Amino acid sequence: MSLHYVIDGYNVIRHASFQSKGHLSPAASLIQCIRHNRLCGSMKNRVTIVFDGYPTMGNPSGPSGDCEVLFSQNLSADDLIRQIAEQAANPRTMIVITDDRSVQFHSKAAGASVTGVEEFLTAKAAANARRLRKADAKIELSSVDAATINKELRKLWLKEK
C-alpha cells in the first residue's frame with residue numbers, strides 16, 4: 001500500500017531545520033531534500049507539495065518526477081490542502097505535513113494522518129542513522145552457535161528427525 005504525502009511547502013522551507021541549497025528555487029530545493037534524504041520513504045509513495053500563490057520562473061509546477069508541485073493560486077495553500085484531504089479516495093493512506101493547527105485538525109477529521117514539520121525533517125534522518133549503525137555492526141557467531149542454527153534449519157527445511 002503506497003502512501004500519499006501532502007506537504008505544506010512554505011511551512012517546511014521556512015522551518016529552522018530545513019537547509020536550502022543556495023542556487024535552487026524553494027520548490028526545487030525541497031524536492032531535492034525529499035529525494036536525497038528519502039523523507040517520504042519508498043519511491044512508490046506519492047508526494048504532493050503545496051505552495052501559496054502562483055508559480056514563478058524558477059519554481060516548477062505540476063509533476064516533477066515522483067513529486068507533484070501545486071500552487072494554490074487564488075486560494076491559500078492551507079485551503080488547498082484541506083480540499084485534497086477531504087476529497088481523497090482513501091484518506092487513511094494520506095500523511096499531511098504541516099505545523100498549521102487548523103490544517104492538522106481538518107486533515108485528521110477527514111481521516112488523514114498528520115506529522116509536524118520538525119518530526120518530518122528529523123525523524124527520517126534519525127532512522128537513516130540507526131540503519132547505518134546497524135549495517136556497520138557485525139554479528140559474530142561462535143562455531144557452536146552456527147552449528148546449532150544449522151541443525152535447527154536442517155530439521156525445519158529438510159524434515160530430518
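## Helix H6 and its tryptophan

Let's start with Trp-157, which sits in helix H6, the stretch covering residues 143-158. Keep in mind that this is a predicted model. Is Trp-157 buried or exposed? With a relative accessibility of 69%, Trp-157 counts as exposed, because the cut-off for that label is over 50%.

Together with Leu-141, Ile-149, Leu-153, Leu-156 and Leu-158, Trp-157 makes a nonpolar surface patch of about 690 Å².

Now for some charged side chains. How many salt bridges turn up when the whole structure is searched? The answer is two.

One of them links Lys-155 to Glu-152, and their closest N and O atoms are 3.9 Å apart.

Over in helix H3 (residues 77-87), Asp-79 and Arg-82 are three residues apart, so about one helical turn lies between them. Their side chains meet in a salt bridge, with an N to O distance of 2.5 Å.

What about cover for these two? Asp-79 has a relative accessible area of 33%, so Asp-79 is partly exposed. Arg-82 has 15%, which means Arg-82 is buried, because buried is the label for anything under 20%.

Conventions:
Residues numbered from 1 in each chain as written. Predicted model: local features only at pLDDT ≥ 70, side-chain atom pairs only at ≥ 80, totals over all residues. Heavy atoms only, no water. Patch = residues over 30% accessible without salt bridge, like charges linked within 9 Å, V, L, I, M, F, W, Y side chains within 5 Å. Areas by Shrake-Rupley, 256 points an atom, 1.4 Å probe, with all protein chains shown as cover. Salt bridge = Lys/Arg side-chain N within 4 Å of Asp/Glu carboxyl O. Helix = DSSP H or I, 4+ residues; strand = E, 2+ residues; numbered from the N terminus. Buried < 20%, exposed > 50% of the residue type's maximum accessible area, 1.4 Å probe, protein only.
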